[in-house]
Amino acid sequence: MNFKFIDKNQDFYINKNGELVICFDKYDVAPGYMGLVEFTIPNNVIKPLLNK
């Protein structure tokens, strides 16, 4: 499966460093043996998108 976009109902959380973490279920973006996959998005990447 080729990843194309983040769904509007995508699971996420804010980690202890205040960074956005995007969570994907098994098989969504990687082979199933990798289990759940998470990507941390650094604050400097999303800063322009944040409300002040």
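**Entry 1: N15.** I started with N15, which sits in the loop between β1 and β2; helices (H or I, at least four residues) and strands (E, at least two) are DSSP runs, numbered from the N terminus. The model is a predicted one, where local features need pLDDT of at least 70, side-chain atom pairs count only at pLDDT 80 or more, and totals for chains, interfaces and linings use all residues. Residues are numbered from 1 along each chain as its sequence is written, and side-chain values use heavy atoms, with hydrogens and water left out.

I then asked what the N15 side chain reaches. I found the backbone nitrogen of E19 at 2.9 Å. A polar contact here is a pair of N or O atoms within 3.5 Å; within protein, one must be able to donate a hydrogen and the other to accept it, and residues adjacent in sequence count only if both atoms are side-chain atoms. Leaving aside residues up to four places away in sequence, N15 touches V21 and T40, with contact meaning heavy atoms within 4.5 Å.

Entry 2: Strand β1 (residues 11-14) and strand β2 (residues 20-24) run antiparallel and are joined by four bridges; two strands pair if DSSP finds at least two bridges between them. I looked up D11 and found C23 in β2 as its bridge partner. Five residues lie between the strands of this hairpin, and G18 takes a positive phi near 75°.

**Entry 3: the sheet.** I traced an open sheet of three strands in the order β1-β2-β3, with antiparallel pairing. Its edge strands are β1 and β3 (37-41), each pairing on one side only. On average, neighbouring strands are turned by 25° against each other, direction ignored; the axes are lines fitted to C-alpha atoms, and angles run from 0 to 180 degrees between N-to-C directions.

**Entry 4: the rings.** How many aromatic pairs does the structure hold? I found one. The ring centres of F24 and F39 are 5.8 Å apart and the planes stand at 80°, so the pair is edge-to-face. Rings of Phe, Tyr and Trp (its six-membered ring) pair if their centres lie within 6.5 Å; planes under 30 degrees apart count as stacked, over 60 as edge-to-face and the rest as tilted. Because F24 lies in strand β2 and F39 in strand β3, the pair ties together parts that are 15 residues apart in sequence.

I also checked accessibility. F24 counts as buried at 6% relative accessibility, while F39 counts as partly exposed at 40%; buried means under 20% relative accessible area, exposed over 50%, partly exposed in between (1.4 Å probe, protein chains only).
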